[in-house]
Amino acid sequence: MFRVTVLAAFAIMIAGLPASAQDKAKEWCTNAHMQKMESSIGKMSDAAKKKEAKTHLAMSKDAMKAKDMDGCVKHMEEAHKAMGL
């Protein structure tokens with residue numbers, strides 16, 4: 001019984017992943033969010049982290065323009081990580 005419960009929970013979690021990635025794309029892969037990120041990155045004091053965040057933000061923008069929402073989200077997550085978010 002325990003195994004069935006664990007497997008069911010795992011299946012539900014996996015089924016929810018694409019929806020959460022799509023939700024992130026709708027929220028993060030917009031011009032407004034890109035501008036907000038640029039502003040936040042501009043305020044960073046750690047030069048290495050700032051450079052890393054800028055690089056990932058640029059790659060996220062490129063992916064967004066190419067309609068690659070998975071790539072956009074992936075690089076935005078890395079930009080957020082570099083910013084400590």
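In what order do the elements of the protein run from the N terminus on? They run α-α-α-α. The structure you are looking at is a predicted model, and its secondary structure comes to four helices and zero strands.

**The whole protein**

| Property of the protein | Value |
|---|---|
| Buried residues | 27% of the 85 residues |
| Contacts joining residues at least 24 apart, among those between residues at least 6 apart in sequence | 58% |
| Accessible surface | about 6100 Å² |
| Part of the accessible surface belonging to carbon and sulfur atoms | 61% |

**Helices H2 and H3**

Two packed helices are described by the angle between their axes and the distance between the axes. Helix H2 covers residues 31-42 and helix H3 covers residues 47-65; their axes come within 10 Å and cross at roughly 170 degrees. Because angles over 145 degrees count as roughly antiparallel, H2 is roughly antiparallel to H3.

Which residues meet where H2 touches H3? From H2 come Asn 31, Met 34, Met 37, Glu 38, Ile 41 and Gly 42, and from H3 come Lys 50, Ala 53, Lys 54, Leu 57, Ser 60, Lys 61 and Met 64. Sorted by kind, the residues of this contact are six nonpolar, three polar and four charged.

**A closer look at Met 64**

Met 64 lies in helix H3. Is Met 64 buried or exposed? Its relative accessibility is 13%, so Met 64 counts as buried, since buried means under 20%.

Leaving aside neighbours within four places in sequence, Met 64 is in contact with Cys 29, Thr 30, Asn 31, Met 34, Met 69 and Cys 72.

**Helix H4**

Helix H4 covers residues 69-83 and has 15 residues.

Several residues of H4 are buried: Gly 71, Cys 72, Val 73, His 75, Met 76, Ala 79, His 80, Ala 82 and Met 83. After H4 comes Gly 84, whose phi is positive, near 80 degrees.

Technical notes
Residues numbered from 1 in each chain as written. Predicted model: local features only at pLDDT ≥ 70, side-chain atom pairs only at ≥ 80, totals over all residues. Heavy atoms only, no water. Axes fitted to C-alpha atoms, helices over the stretch in contact; angles between N-to-C directions. Helix = DSSP H or I, 4+ residues; strand = E, 2+ residues; numbered from the N terminus. Parallel < 35°, antiparallel > 145°, perpendicular 65-115°, else oblique. Contact = heavy atoms within 4.5 Å. Nonpolar A, V, L, I, M, F, W, Y, C, P; charged D, E, K, R; others polar. Expected span 1.5 Å × (residues − 1). Buried < 20%, exposed > 50% of the residue type's maximum accessible area, 1.4 Å probe, protein only. Areas by Shrake-Rupley, 256 points an atom, 1.4 Å probe, with all protein chains shown as cover.
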